[in-house]
Amino acid sequence: MTIQELNERSRTVFRHIVESYMQTGEPVGSRTLSRISQLDLSPASIRNVMADLMDAGLLDAPHTSAGRVPTQMGMRLFVDGILEIGNLTESERADIKARCAVDGRNLEEILTEATSMLSGLSNCAGLVIAPKSDSSVKQIEFVRLGIDKALVIIVTANGMVENRAIELPPGLADSALREAANYLNAKMAGKTLQQARGEIQRELDSHQAQLDDLTQVLIANDIAGWGGGETLIVRGHANLLQNIQALEDLDKIKELFDILEVKKERIKLLDLAEKGSGVKIFIGSENNLFSLSGTSMIISPYKNSQDQIVGAVGVIGPTRLNYARIIPMVDYTAKIIGRLLD
């Protein structure tokens, strides 16, 4: 069904039911709707319209004597045909941009901040799929943290900074750290982390690497996997537990958490985001990944400098989430993160 197939009276009643349900989460009755001055309809007339909308599969009654709530098909019809998407204010745009700024942080830290930000602004669960970095290495440095530890700092050509603490071989002098940095800068400059790892491994295999112990430590720490590696970052689980009114709802949310923790499912999220361009909206069982959780997901991909989709940002919440506000928020956040990868 399309929104054009409903007459004006049905569209108006349907819109008010959905908007009221999205605000309160409660079923909407005919008496409540009759008090809305714009409708100018009696409760009996409204009940007749609501009955027609139920027959069309757009409304449902949770209980016999209760009001009506939109079905999954009804929510999809509302989102596609009635919803008016809002615009972010300049201050909201500036806040998102500032919180996604590099400021010496590595990519995973930025994406974690973006996830928390989306969760806070939407009052839902925010999620980000972090990509593997394919930017070339610009510089590598070692900073000693103690007798047996050092901080490896890798700066990539796109300005991202990756920091990792590593264990040092026993008795390694500061001069050896400097020599290692010089050696690795000569070998890694202009290469991606994946390429750099291969270069170091080949030299180790042929016994040509300088400071074998330290370079072996980097291999053991898998520098090729630094910069993300399709990590799924989720923040705001507690937001999904608010306003739960039935035990079965709690079970659905627990099931959603279990799904998010399964690594093999992460790639499916990215697959969903890659189908087409721009923001995707999945309501209930439209998203096979969360088909039993009773939730909606708004997700948008972001691209690297080669215009390849490498990750996605999004929000997961109840089907009555604030689509008009969250859609532009997710879209803008994805664009800002994409610019960091240029």
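**Strand pairing, burial and salt bridges in a predicted model**

In this predicted model, Ile281 has Ile298 of strand S9 as its bridge partner.

User: In which sense do strands S8 and S9 pair, and over how many bridges?

Analyst: Ile281 has its bridge partner, Ile298, in S9. Strand S8 covers residues 280–283. The pairing of S8 with S9 is antiparallel, and the number of bridges is 4.

User: Which residue of S10 is the bridge partner of Pro301?

Analyst: S9 also pairs with strand S10 (residues 309–318), in the antiparallel sense over 9 bridges. The two strands form a hairpin with 5 residues between them, and Asp307 in the turn has a positive phi of about 65 degrees. Within this pairing, the S10 partner of Pro301 is Ala312.

User: Is Ser300 buried or exposed?

Analyst: Ser300 sits in strand S9, which spans residues 295–303. Beyond four places in sequence, Ser300 touches Gly278, Val279, Ala312, Val313, Val330, Asp331 and Ala334. The cut-off for burial is under 20% relative accessible area. Because Ser300 has a relative accessibility of 2%, the residue counts as buried.

User: How many of the 9 residues of S9 are buried?

Analyst: Ser300 belongs to S9 and is buried at 2%. The strand as a whole is mostly covered, and the count of buried residues is 8.

User: Why is helix H12 described as largely enclosed by the rest of the structure?

Analyst: H12 runs over residues 323–340 and reaches 26 Å from its first C-alpha to its last, close to the 26 Å expected at 1.5 Å a residue. The helix is largely enclosed because the buried residues number 14 of the 18.

User: What is the closest N to O distance in the salt bridge between Lys335 and Asp331?

Analyst: Both residues lie in H12, and because they are 4 residues apart, about one helical turn separates them. Lys335 is partly exposed at 46%, and Asp331 is partly exposed at 22%. The closest N and O atoms of the pair are separated by 3.3 Å.

User: Which residues are joined with Arg99 into one salt-bridge network?

Analyst: The structure holds 7 salt bridges. In one of them, Arg99 meets Glu113 with the closest N and O atoms 2.9 Å apart. This pair links helix H5 (residues 90–99) to helix H6 (residues 107–122). Asp331 is partly exposed at 22%; among the salt bridges that share partners, the network containing Arg99 also includes Asp95 and Glu113.

User: How many residues apart are Arg144 and Asp174?

Analyst: The side chains of Arg144 and Asp174 form a salt bridge, at 2.5 Å from N to O. Arg144 is in strand S4 (residues 137–144) and Asp174 in helix H7 (residues 174–188), and the pair links distant parts of the chain, with a separation of 30 residues.

User: What is the separation of the C-alpha atoms of Leu53 and Val13?

Analyst: Leu53 lies in helix H3 (residues 43–55) and is buried at 2% relative accessible area. Its contacts beyond four places in sequence include Leu6, Ser10, Val13 and Phe14. Leu53 and Val13 are 40 residues apart along the chain, yet their C-alpha atoms are separated by 9.3 Å.

User: Which element has the lowest mean pLDDT?

Analyst: The protein averages a pLDDT of 78, and 72% of the residues score at least 70. Strand S1 (residues 59–60) has the highest mean among the elements, 93. The lowest mean, 58, belongs to helix H9.

Technical notes: Residues numbered from 1 in each chain as written. Predicted model: local features only at pLDDT ≥ 70, side-chain atom pairs only at ≥ 80, totals over all residues. Heavy atoms only, no water. Buried < 20%, exposed > 50% of the residue type's maximum accessible area, 1.4 Å probe, protein only. Contact = heavy atoms within 4.5 Å. Pairing = 2+ DSSP bridges. Expected span 1.5 Å × (residues − 1). pLDDT = per-residue confidence, 0-100. Salt bridge = Lys/Arg side-chain N within 4 Å of Asp/Glu carboxyl O.
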